[in-house]
Amino acid sequence: MQHSLSQKLSTVFFFAVVSLVSVALLSPSAVAEIYPSKQPQLLRQAERALERSKPESALRLTAAQRERGTRASFAADLEGLECRAFLKMKDALAAKTACLAAISAEVGIEKWRHLNNLGVAELQLGNYEAAEAAFAQAARFSQGTHIARRNLSLVRQAIATTDAGTQEALAATR
């Protein structure tokens, strides 16, 4: 009797382990993605190129996607990718144009990212007040993300420093 009880326990244990392993192998893992999985392949490739600091490759891929045609739901993604690529290339004027297009195309909660990037472009162009306005708007939309608020604080410090320096230079010329 004891032998059959240990066999039954072994069998139950075996099936329990097999069940747990099966559940673990067959259950999907949680994976965070920057963009929806239904995003066009060329945009996913452009995102990876940008992550690898290859903005020229990212722009070639977004241009190819633009030629193929992009659904309206991905227009903001495409423009946002181009904005970030131009920022990496230090082409602030082209970045500003792409950021503005991304802002007007965005209908979701990600608008703050495009506004934040517009602020970076304006800052690179030396337009401190425009950068401050973009960061302030991004901070209102950002829902708990501190990036836009930090950038807003930095640009306000830069404005205050610039104003103080300008006032000192004017006082020195009198």
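Author: Here is a walk through the core, its disulfide and a few residues and helices worth a look.

A quick word on the ground rules: this is a predicted model, where local features need pLDDT of at least 70, side-chain atom pairs count only at pLDDT 80 or more, and totals for chains, interfaces and linings use all residues. Residues are numbered from 1 along each chain as its sequence is written, and side-chain values use heavy atoms, with hydrogens and water left out.

The overall picture first. The protein has eight helices and zero strands, with helices being DSSP runs of H or I of at least four residues, strands runs of E of at least two, and both numbered from the N terminus. Buried residues make up 32% of the 174 residues; buried means under 20% relative accessible area, exposed over 50%, and partly exposed in between, using a 1.4 Å probe and protein chains only. Of the contacts with a separation of 6 or more, 49% are between residues 24 or more positions apart, where contact means heavy atoms within 4.5 Å.

Now the core itself. The largest nonpolar core has 27 residues, and A58, C83 and A95 have the most contacts inside it. By nonpolar core I mean a set of buried Ala, Val, Leu, Ile, Met, Phe, Trp, Tyr and Cys residues joined through side-chain atoms within 4.5 Å. Two or more residues each come from α2 (41-51), α3 (55-68), α4 (72-88), α5 (92-105), α6 (111-125) and α7 (128-141). The biggest giver is α4, with seven residues. Apart from this core lies another, of six residues, including A131, F135, A136 and L152.

Leaving aside neighbours within four places in sequence, C83 is in contact with A95, A98, C99 and N117. With C99 there is also a disulfide, S to S 1.9 Å, and the structure holds one disulfide, defined as a pair of cysteine sulfur atoms within 2.5 Å. The pair links distant parts of the chain, from C83 in helix α4 to C99 in helix α5, 16 residues apart. Both ends are tucked away: C83 is buried, with a relative accessible area of 1%, and C99 counts as buried at 1% too.

Staying on α4, you'll also find G80 there. G80 counts as buried at 2% relative accessibility. Not counting residues up to four places away in sequence, G80 touches A102 and H114. The C-alpha atoms of G80 and K111 are separated by 9.8 Å, though the two are 31 residues apart along the chain.

Over on α6 sits E122, a residue that counts as buried at 6% relative accessibility. Its contacts, again leaving aside neighbours within four places in sequence, are K96, N127, A130 and A131.

The axes of α2 and α3 come within 8 Å and cross at roughly 170°; axes are lines fitted to C-alpha atoms, for helices over the stretch in contact, with angles running from 0 to 180 degrees between N-to-C directions. The two helices are therefore roughly antiparallel to each other, the label for angles over 145 degrees. Among the residues making the contact are L42, L43 and A46 of α2, along with P55, A58 and L61 of α3.

Notes: Angles under 35 degrees count as roughly parallel, over 145 as roughly antiparallel, 65 to 115 as roughly perpendicular and the rest as oblique.
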